[in-house]
Amino acid sequence: AEIKPAFVQNRCYARSQWDAQIRQLCRENDALYQGFSLLTANATELQKPGIAGIAKRLGCTMPQLVFRFALQLGMMPLTGTSSEKHMGADLASYGLELNPSDMAVVEQIALGN
Ligand SMILES: NC(=O)c1ccc[n+]([C@@H]2O[C@H](COP(=O)([O-])OP(=O)(O)OC[C@H]3O[C@@H](n4cnc5c(N)ncnc54)[C@H](OP(=O)(O)O)[C@@H]3O)[C@@H](O)[C@H]2O)c1
């Protein structure tokens, strides 16, 4: 393309390891990956005990965990919230830090528990 895309915006499914192939393509082409439907597209996976366990240990909510995970993966998380309260809580996830083991659990949550 004469003008290279700077962003790719995709519905982001845990079952594709959070769109791993497209995120890789973005990295190779200097495009920023933006994920949407992080919560609604992954309702089943996000109910798993592995997610609840990490959220409990970090003292955060499941959405905060998901948004922080997405940031640490290198994507720009989008949210469909219409709630100022939820938006404020989600932004507080910048203060969280998932360790490498947490990241692996969430990345593979569709395959595990
Ligand atoms: N950017 C795009 O290209 C694109 C694509 C698809 C859809 N959309 C639009 O985005 C909206 C929903 O998209 P989505 O499903 O992709 O969004 P999402 O961020 O996966 O989920 C948003 C839904 O989760 C609820 N929620 C509960 N706790 C939340 C929290 N702490 N933080 C954020 N959300 C929380 C929201 O309710 P509350 O409002 O009560 O927080 C809302 O119903 C729709 O209006 C849709 O039309 C945009």
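By class, the shell around the ligand in this predicted model comprises 5 nonpolar, 9 polar and 2 charged residues (Ala, Val, Leu, Ile, Met, Phe, Trp, Tyr, Cys and Pro count as nonpolar, Asp, Glu, Lys and Arg as charged, and the others, Gly among them, as polar). That makes 16 residues around the ligand, with S37, T40, T81, H86 and D90 the closest; a residue is near the ligand if one of its heavy atoms lies within 4 Å of it.

Now for the oxygen atoms of the ligand. One sits 2.4 Å from a polar side-chain atom of T81. A side-chain N or O atom of Q9 is 2.8 Å from an oxygen atom of the ligand, and S82 brings a backbone N or O atom to 2.8 Å from a ligand oxygen. Of the 890 Å² that the ligand exposes when taken alone, the protein buries 58% (Shrake-Rupley accessible areas, 1.4 Å probe).

Elsewhere, F69, Q72 and L73 of helix 3 meet M103, V106 and E107 of helix 5, contact being heavy atoms within 4.5 Å. This contact has 4 nonpolar, 1 polar and 1 charged residues.

Residues are numbered from 1 along each chain as its sequence is written. Local features need pLDDT of at least 70 and side-chain atom pairs count only at pLDDT 80 or more, while totals for chains, interfaces and linings use all residues, and side-chain values use heavy atoms, leaving out hydrogens and water.

Note on methods:
Helix = DSSP H or I, 4+ residues; strand = E, 2+ residues; numbered from the N terminus. Polar contact = N/O pair within 3.5 Å; in protein donor to acceptor, adjacent residues only side chain to side chain.
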